[in-house]
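Student: I would like to go through this structure and ask what each description rests on.
Tutor: Go ahead.

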Amino acid sequence: MRYAETGFNLEIDLTRGNIERVETDPRDTELYLGGLGTNAKILWERVPPEVEPFSPENLLIFSAGLLCGTPATGCNRTIVSTISPQTRLLAFSMMGGFWAPELKYAGYDKVILRGKSPNLVYIWIHNDKVEIRDAAHLRGKGAIETADLIRRELKEPKAQVAAIGLAGENRVFFASVEQGRSSASRGGIGAVMGDKGVKAIVVRGTKDIHLARPAQFIELCNEVLAYIKFREQNPIPGVMPILAGLGSPQEMKVHDEKWHTENFMWGNSRVRRKDFWNDDIAKKWTETLESSRKRLISCYNCPMKCGATLSLPGFPTYMMKCFSKLTYTMAAMSDLEFGLKIAQRATEYGVDAYSAPQVMAFALELYEAGILTDQEMAGLPTDNEERFFWLLDRIVRREGIGDLLADGTYWAARKIGKGAEAFAHNNIKKHEQLPLKLSMLNPIYFLMYSTGEKINITQIEGQFPQAPFAKIEEREAFVKDWFQVPEEKFKHYFLEWEPRGEKSMPFFPTVQMCCEIVDWMEKMHYIDDALGMCAGLSSFPLKPPYHIHNYPKFISAGAGFDMDEEKLTQAVKRYRTLVRAFNIRRGMRRKDDKPPENHWKKRFPELEKELLDTYYRFKGWNREGIPTRESLQELGLDYVAADFDRRGIPVDGEVEPSEEAPAEAMQQ
Amino acid sequence: MGAKKKKIVKTIKVDVDKCNGCRACEVVCSAFHAAPKYSSNNPARSRIRVIHDPLKDIYVPVYAGEHAKAECMGRDKYTIDGKEYEECAFCRAACPSRDIFREPDSGLPLKCDMCESDPPQSEPLCVQWCITDALTYEEREEEVEEEEAAGGKDLEMGLESLIDKFGLEKLTEAVARMTIARKS
């Protein structure tokens, strides 16, 4: 009997149309937990570095987390892993919603796609019955539209659908997989799905998920629910409203956007509008959101309301959450109504709401600079907002200039040339970032931006306050009930941290402290990604209901194997290192571990070097960022060391960082 | 007329405007009714189901009532505030016309028991887990007429109609036959 997990993966060879139900090794669950952890193991074993993103040999894995489908509140995430066409590294985008628990109830932990279907198909998983079905009639349909059509066609209103839109079908490098209110957007996994000829994966399950120690597990769930209630009633004082509570940033709820609109950059991450927010705008934007928002909604088994159903005049109803609210608005230097309208179309097309707006703003900047001319942009409307719709339509169809832009700013700039590279200025590892340009280097964020392999700041930050509190009394109040810290020392780091003076950034927290803080924050995200827990109840907000002290109990009561903090920390380190190793094998090195050049104005090269050197050592990596033989062996990853040896990847001692660009040697 | 007696009326009040569609009610209901308690969960076994259609903004938590052996002669379909609800959306019966409120393997009907258990729960579990307060629990005491002894007016009315239809003779024969069959 397997607990919490089903113990079976669904292996689908799209080339041959073969479907197999494969039992998994329970020892892998103990070592790699599930979700991202076991995905990483499978990808390491089966996808060698020679494999191109759009090769039949690339795998596309849809995985439920270990605790998805159990009563653990908020545990509903699907972890989708493949090789990203944009970064050419491991992509592991995640989505909430309802899909992962449904997969578990159907009797599977993962769906592993390989090969390529000759025709567009969708996959219909209904408990033991799994079919590959023709999707010719769904070609070109929107992602949400597709879900609706399939549910009606199958007469299964309760089926959960993960689908791609036109962007995925046309292999746009920032195409998403959409699932109602949620999407796995980062890294272009929708493009890989389109390349494999899969329009949608549809799931309906009516089987049981078992718990090893039910009474203890439900008690833990009740504690979490009680703490969520407590946190709802007691927002954290002294931080911005969106950071005071739980859940994803409550963008669908809040109207006050002063902080985002005045601190984040507009256009192609260029313009800061310090006096943007005023009463008139506040009134207008409030009206827009109030009149279009039908309801605040949640994902499976979660009391939070991070999402919303939106209906804009003249546009079909759709669902949204988080910062997609403002990305289009700000890229186009427009208003909220425009942003919510174009986001509807973008959701049906299935594009990442971070990358897509930035790519379009980038194109218009190139046009203004004369690098893209009327020849390439023939037909471009004169109206600013219409231009964005025009560009979006071209990108998802790969028409004209859209074909270049569909590869994202990094690759598009290289193809366009004529100095376009300087305009693709907001990338990490070729991937568009949140539009932020700041003044003084933040050493904690420097490490997170540089080394976070999810290549998205929100997927590594969270447990430690973003900025010091001004008064010691406020800090003392904050640490008083901060039981989520792994060790007491973190409280002291925060207590000592001053906005100005000797103990302020960039030299305080000290390099060693920064390493510990970042490692803690990253660890919590990696645990979530293996268990399928939403970051909004765990790794992202301050003082969350899930933390390093109750997670081991959840795992042992749920899955039935012994777990404690030390063992969990070791497991996380194991698959985090495996993710690193996978990317190292694909050519990633120290030179790739850096924030956008212009992210901070005031930089400290020596300090940054020391930060990276120390953090690498802390993580068990050598100076090139390659996991060392010693650390690999300690984690039971001897097979990684052996593979590195075979490939001549230096795992020993101190290695001088290379100046070359091996990750780019394999570009298309 | 009989004497008055006191009766506890239990109600789960549903506020559809507060429902965020998370289905925690389904999760914990199916877990609570698993044997042993909480050992497994499966929303398909839940005695409360959220009828939902997010794009139409439809969210109706419905908890299972009495099993109906046959379909209704006609079905009901409501439109409220411009929102068209699916057929039988508000009906609580496990009935041949649909698959909710049935055990997925056996097809046996399910019925909400208000989580009656020993020791008693403070509130049904779905209510406890609905911290958005779409579901709230209310208990009130009502005075009702003491039920008349078996074989009261209702029984006689029923029998009259059967006699009208089949005749007294056939009815007594049938009762006699059934009595023997039950004894054997």
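Tutor: In chain B, take the contacts between residues at least 6 apart in sequence: 62% of them join residues at least 24 apart. Two residues are in contact if their C-beta atoms, placed from the backbone, lie within 7 Å. This is a predicted model, in which local features need pLDDT of at least 70 and side-chain atom pairs count only at pLDDT 80 or more, while totals for chains, interfaces and linings use all residues. Residues are numbered from 1 along each chain as its sequence is written, and chains are lettered from A and ligands numbered from 1 in the order in which they are written.

Student: Why is chain B called more spread out than a compact globule?
Tutor: The radius of gyration is taken over C-alpha atoms, and the globule rule is 2.2 Å times the number of residues to the power 0.38. For 184 residues the rule gives 16 Å, and chain B has 21 Å, well over that value, so chain B is more spread out than a compact globule. The C-alpha atoms of chain B fill a box of roughly 60 × 40 × 35 Å along the principal axes.

Student: What makes helix 1 of chain B largely enclosed?
Tutor: A residue is buried if 20 or more other C-beta atoms lie within 10 Å of its own, exposed if 12 or fewer, and partly exposed in between, with C-beta atoms placed from the backbone. Nine of the nine residues of helix 1 (residues 24-32) are buried, so the rest of the structure largely encloses this helix. Among them are Cys25(B), Glu26(B) and Phe32(B). Across chain B, buried residues make up 29% of the 184 residues.

Student: What covers the buried residues of helix 1 of chain B?
Tutor: The cover includes helix 7 of chain A, together with strand 2, strand 3 (48-53), strand 4 (58-63), helix 2 (125-129) and strand 7 (135-145) of chain B. Helices (H or I, at least four residues) and strands (E, at least two) are DSSP runs, numbered from the N terminus.

Student: How do you know that strand 13 of chain A pairs with strand 2 of chain B?
Tutor: Two strands pair if DSSP finds at least two bridges between them. Two bridges join strand 13 of chain A to strand 2 (residues 40-41) of chain B, and the strands run antiparallel. Ile209(A) stands opposite Asn41(B).

Student: How many residues does each chain give to the contact?
Tutor: Chain A gives 31 residues and chain B gives 23 residues. Helix 7 of chain A supplies the largest share of the chain A side, seven residues.
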